[in-house]
Amino acid sequence: MSSPALAFQNISKVYRVYPRPADRLIEVVTGRRRHEPVHALRNVSGRLERGEVMGLIGENGSGKSTLLKILAGTTPPTTGEFTVPGRVASILELGASFHPEVTGRQNALLQAALTGLSRAEVDAALPEVEAFAELGDFFERPVKTYSSGMSMRLAFAVATAVLPDVVILDEALAVGDARFQKKCIDRIFDLKSSGRTIFFCSHALYYISTFCDHAVWLRDGLVAAEGDAQRVVLEYERFLAAKDGGKEIPSAIPDGAGTHARILSVRLFDRDGLERHEFAPGDAWVAEIDFAVDDAARPVQLHLAVSTPDNIVCFTADSRPTARARSRAGTVSA
């Protein structure tokens, strides 16, 4: 078996929380414990082969950022071992590695050099960084004048333009407009197709399902599930739904106020014609929409959209004016 591009074994991280700053000194002098241990990670293990993408999911405080910081080398583990061979580029806390007083260009030069690039490689990568970030005149201005979205643009452009062996991304797509987010996703696909290894953390589960080969779900510092990305995401979504107390999703059927048509019902069926309310990624499905119109002479057009809980549209379909419609009611299947 070939050596992995990224591997971590029994990683644990314990932070010490002191009630008062003076308790640190008292603990050193007396040898008596004055702190409370906080376990951010407990024996977390994983392995990622070269050219694969691993997603990291979990609730806030589950230990995701701590694990990524350890793998990026910015904080040591309390116990455990990890291996990240080759050149590593990371985006952890947004813009944390930038010097606010110097320009975007100077920060890009510094960050590219810190990844291990030679001066010639840095000079070759800089035009691509500038073009991808799309900062315009702000590229020559101090980073302290940047918005959070502009800082993200620069950080992502530098991290992905230096052609690292391993890319570690912590919520890198959480900031920025929709067009730039799509641009970042395209760049991630390009990195994956070129054989780069990516460890990606996001609350946007659609992204995890879309371009991650594997996923790890952390819960209270422990691995709750790992394996195929779509399967792990589905388990996590079920956990979140159960945690919400099994709340029913409000009806999405509009009341038709101000229109000449009304949606009467929406039903979902599987490939065998059985009505279902839950589908796994890749399952075939059919939506049957019953509607009524006030004036059969006026055309009716239906728009069907499927979106994630975080409002990412996955699929849309439109009917045509020639769609099946009867004088008083109709049915459209998609």
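Reader: What does the accessible surface of the protein come to?
Author: About 18,400 Å² in this predicted model. Carbon and sulfur atoms account for 52% of that surface.
Reader: Which residues form a nonpolar patch on the surface?
Author: Tyr15, Val17 and Val38. Together they have about 230 Å² of accessible area. Val17 sits in strand E1, residues 6–17.
Reader: Is valine 17 buried or partly exposed?
Author: Valine 17 is partly exposed, because its relative accessibility is 42%.
Reader: Switching topic. How many salt bridges in the whole structure?
Author: A search finds 20. One of them joins glutamate 128 and arginine 187, with 3.2 Å between the closest N and O atoms.
Reader: Where do glutamate 128 and arginine 187 lie?
Author: Glutamate 128 is in helix H4 (residues 119–133), and arginine 187 is in helix H6 (residues 178–193). They are 59 residues apart, so the pair links distant parts of the chain.
Reader: And arginine 187, buried or exposed?
Author: Arginine 187 is buried, at 12% relative accessible area. Glutamate 128 is partly exposed, at 38%.
Reader: What about glutamate 235 and arginine 231?
Author: Their side chains form a salt bridge, 2.6 Å from N to O. Both are in helix H8 (residues 229–243). They are 4 residues apart, which means a separation of about one helical turn.
Reader: Which strands hold arginine 267 and glutamate 288?
Author: Their side chains meet in a salt bridge at 2.9 Å, N to O. Arginine 267 is in strand E10 and glutamate 288 in strand E11, so the bridge ties together parts 21 residues apart in sequence.
Reader: Which residues are linked in a network of salt bridges?
Author: Arg20, Asp23 and Arg34.

Note on methods: Residues numbered from 1 in each chain as written. Predicted model: local features only at pLDDT ≥ 70, side-chain atom pairs only at ≥ 80, totals over all residues. Heavy atoms only, no water. Areas by Shrake-Rupley, 256 points an atom, 1.4 Å probe, with all protein chains shown as cover. Patch = residues over 30% accessible without salt bridge, like charges linked within 9 Å, V, L, I, M, F, W, Y side chains within 5 Å. Salt bridge = Lys/Arg side-chain N within 4 Å of Asp/Glu carboxyl O. Helix = DSSP H or I, 4+ residues; strand = E, 2+ residues; numbered from the N terminus. Buried < 20%, exposed > 50% of the residue type's maximum accessible area, 1.4 Å probe, protein only.
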